[in-house]
Structures are given as structure tokens and as C-alpha cells.
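Please look through the sequence and the 3D structure below before reading the notes that follow.

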Amino acid sequence: MKFGIVVFPGSWSQQDFHHVIVNVLKEEACYLWHKEADLKGSDCVILPGGFAHGDYLRTGAIARFSPVMREVARFADKGGLVLGSCNGFQILTEAGLLPGALLRNDCLHYRCTWVHLRVESRHTPFTSAMQHGQVVRMPISHGEGRYYIDQAGWRRLVENGQVIFRYCDEKGALTKEANPNGSLDHVAGVCNERRNVLGLMPHPERAAEAILGSEDGRLMFASILYTLARA
Amino acid sequence: MLTAKIYVTLKPGVLDAQGDTVKSALETLGFKGVEDVRIGKFLVITLDGGAREQATAQVEQMCRRLLANPVIEDYSFELEEAGG
């Protein structure tokens, strides 16, 4: 399977994704420069973390207008799998491919730490290899990860089961201490209504090898590969 | 030439972590009676000619498409004659 990793000026997680896909999973990966309106036949498109266009104006605000994003939107519209992590999540919300917005952390800190996430739904192409309620461990690294959406939007998200990950403690409890950025109801990741676009603030690509402290991120890649193999 | 002065602010009800931090800093400095602090953006855009009506429509589009995120932000602007 071929993963296309979008690279904006200021992206920083593209090589981590590339390493995991090629060296760990033994799958194919290519970089998609943001100015190229070509997804190079990718089966799954990844928007990695970083500070695309310096996060100037707002996180993801400039990146969403890059030529590659028109193709990403078309790809998503046809049902293609799009995963955005960290800055990639911010870009997907700015682009309107995911609902809501990511705001400055409420804690005055850039949070660079390991977090626990509760899997709220395994009914997505990105979480099918996980269990409902499973607690997974991944790192976060962001200053603007506080998920926000208005009340009407929130109701739709909950009714459609679009909240996919919540920050929790190691036992799966939604304690105040476990929420690293003040996200609305502990939201760490959401999907679109069609469930083929997922955004999350944590970094699955940095949790894909035991030597790095966790292999839980592998479950996300396994889910994607399983979905693609059946397609 | 026209100058657009654009104000982008977080919508009421959206927690402003920066604003809250500045508020507590002001209180630390001894300023009394600070009810609330909201931090936004102020943009000055100089437009090269064009009628006022046209410029208003253009700036409106700029705000909608790029300068403000309607999920979290409100905007307002005023047009002035530049160098007038």
C-alpha cells in the first residue's frame, strides 16, 4: 500500500511517518510537496505534524490553500483515507474537512509529553484494529491543541459518534489531570461524518516501536492497512 | 488608496487562555477592576485604488476566506482613505 505524506514548509513529522511506513511496516511511502497538485496514486494521505507556513495567522490557516489541499479534499470526497496528526489535524479543521477548531492550550504550556487515549469508537478505518474503550499510549507535542466546537456542532459530533479519541488516565478515566490542553470533553481526535477523514493531536508515528516507548500507534497503521486491503 | 483596519476577535464564550493570563498579570501588577481581557488580531491592509463599495466587498471576502475562522472568531473592519 502507498502512503502519501504531505509536506508543507514547516512540517516536521514527515520523516517519522516515512520511517514507520517504510522501515517498520515495509509499505510504500512518498512525499507530496504542498505545491504539487498530485497525490501520486496514494492509497492513504497523511498530513503530518509541524508548523506549516509557520502557523502564521492561525495554525493551518495558510496551509489549507496550498494546491495539494484541493486534491486532498477531492480524494476525501471520493472516500479516500486522510489522516491528520497534530498540525495535520489543525489543517484539516481549517480546511473544513473536519469539524471544530484547535485553540491555544489552556495551561500556558507547550505540552510535550506522553498521554493516554481512550478509544471511543473502533468503527473507523483508522481504529478498526483497536477495541472500544481500549487505552492506548502516544506522545503529544503541541501548544494549540484545545479542541473546540460550538454546541450545535458538538451535538452532531456526539450523535454521529465522531469523537474517536479522548484523553484519559492509564485506567481510561477522564480525570481533569489527564486532559493536557483543556480540550472540550477531553477530545483528542475526531472523524468526519463519513468516517474516512480522521484528525488527532497525538502522534501515532512516534509510538510505533517498542524502543521509543510504545507500539500502540501501530494499531492505527494496522487498521488502515486492513481497510485498504479489503477495498 | 484605501486602508482597511480589520479586527479579528475570539467569539464570546470561547475561552481565551492568553487573555486570562494577561488579566492575571495585570492584577499581579496591582491594576484593579479588570473585568476581562480578550486578545485578538489587528490587521492593516492597504488597498490599491478601487471604489469604496468594491473594497468593502473585497475585504469582507478576505475576512471570510482567510483572515478569520468562523468557527472561533468574529471580525469587523473599517475603511479609511490612506494618507488622507
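In helix α2 (residues 67-77) of chain A, the residues Val68(A), Met69(A), Glu71(A), Val72(A) and Ala76(A) are buried, a word used when 20 or more other C-beta atoms, placed from the backbone, lie within 10 Å of a residue's own. They lie on the same side of α2(A) because they cover an arc of only 155° around the axis, the arc being that of the directions from the helix axis to the C-beta atoms. This is a predicted model, in which local features need pLDDT of at least 70 and side-chain atom pairs count only at pLDDT 80 or more, while totals for chains, interfaces and linings use all residues. Residues are numbered from 1 along each chain as its sequence is written, and chains are lettered from A and ligands numbered from 1 in the order in which they are written.

**Around the helix**
- On the other side of α2(A), Arg74(A) and Asp77(A) are exposed, which is said of a residue with 12 or fewer such C-beta atoms.
- Just after α2(A), Gly79(A) takes a positive phi of about 100°.

**The sheet**
- Nine strands of chain A form an open sheet with mixed pairing, in the order β2-β1-β3-β4-β11-β10-β9-β6-β7, where strands (E, at least two residues) and helices (H or I, at least four) are DSSP runs numbered from the N terminus.
- The edge strands are β2 and β7 (135-142) of chain A, each of which pairs on one side only, and two strands pair if DSSP finds at least two bridges between them.
- Strands β9 (residues 163-168) and β10 (residues 187-191) of chain A run antiparallel and are joined by three bridges, with Val163(A) opposite Val190(A) in β10(A).
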